[in-house]
Amino acid sequence: MSPAPKQQRPLPGVSAVGLYMFLLCILGVLGVTEHKLPKFVYLFCIAFALGGQGLLRQKRWGWALALTTVLLSAIYQMWRLVEFHELPMLAMAAVNMVLFLYLVRPEVRLRMR
């Protein structure tokens with residue numbers, strides 16, 4: 001029998017993105033339970049938690065889900081900036097776009113295959 005291929009550790013940036021996604025999940029749940037955010041944010045929270053778990057396990061589906069949720073979150077935050085003039089959303093959208101651009105780097109994409 002051939003030995004199983006050794007699993008590499010995730011890149012430090014990928015680990016940070018995964019933990020950031022868990023933090024966003026917790027903040028989203030708190031916002032909904034305090035009636036500060038709409039209930040559909042629960043869907044984002046579930047996607048953030050699953051994407052973060054998949055990223056930390058270096059799964060391809062986790063990487064794809066993380067890309068999707070980070071991009072949709074940035075779009076949602078830009079909408080809140082434009083619609084409700086909430087200036088802190090600009091910083092959050094910028095952070096999410098930086099994370100999106102990090103996740104599409106060739107080095108990160110090769111690790112997730």
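Helix 1 (residues 12–33) and helix 2 (41–56) have axes that come within 8 Å and cross at roughly 160°, in a predicted model. Helix 1 and helix 2 are therefore roughly antiparallel (over 145 degrees). Axes here are lines fitted to C-alpha atoms over the stretch in contact, with angles from 0 to 180 degrees between N-to-C directions, and helices are DSSP runs (H or I, at least four residues) numbered from the N terminus.

Helix 1 also packs against helix 4 (residues 88–103), at about 140°.

| Pair | Axes | Angle | Crossing |
|---|---|---|---|
| Helix 1 and helix 2 | within 8 Å | roughly 160° | left-handed |
| Helix 1 and helix 4 | 11 Å apart | about 140° | left-handed |

Left-handed means that the near helix is turned anticlockwise from the far one by less than a right angle.

Who meets whom? In helix 1, Gly13, Val14, Val17, Tyr20 and Leu24 contact (heavy atoms within 4.5 Å) Met92, Val95, Asn96, Leu99, Tyr102 and Leu103 of helix 4. These residues divide into nine nonpolar, two polar and no charged, with Gly counted as polar.

Leu24 turns up again at the largest pocket, among the residues closest to its centre, along with Gly28, Leu37, Tyr76 and Gln77. The lining has 10 nonpolar, three polar and one charged residues.

Residues are numbered from 1 along each chain as its sequence is written. Local features need pLDDT of at least 70, side-chain atom pairs count only at pLDDT 80 or more, totals for chains, interfaces and linings use all residues, and side-chain values use heavy atoms, leaving out hydrogens and water.

Conventions. Helices (H or I, at least four residues) and strands (E, at least two) are DSSP runs, numbered from the N terminus. On a 1 Å grid over the protein atoms alone, a cavity is a set of points where a 1.4 Å probe fits but cannot get out, and a pocket is an open set with protein on both sides within 12 Å along at least five of seven lines; lining residues have an atom within 4 Å of a point. Angles under 35 degrees count as roughly parallel, over 145 as roughly antiparallel, 65 to 115 as roughly perpendicular and the rest as oblique.
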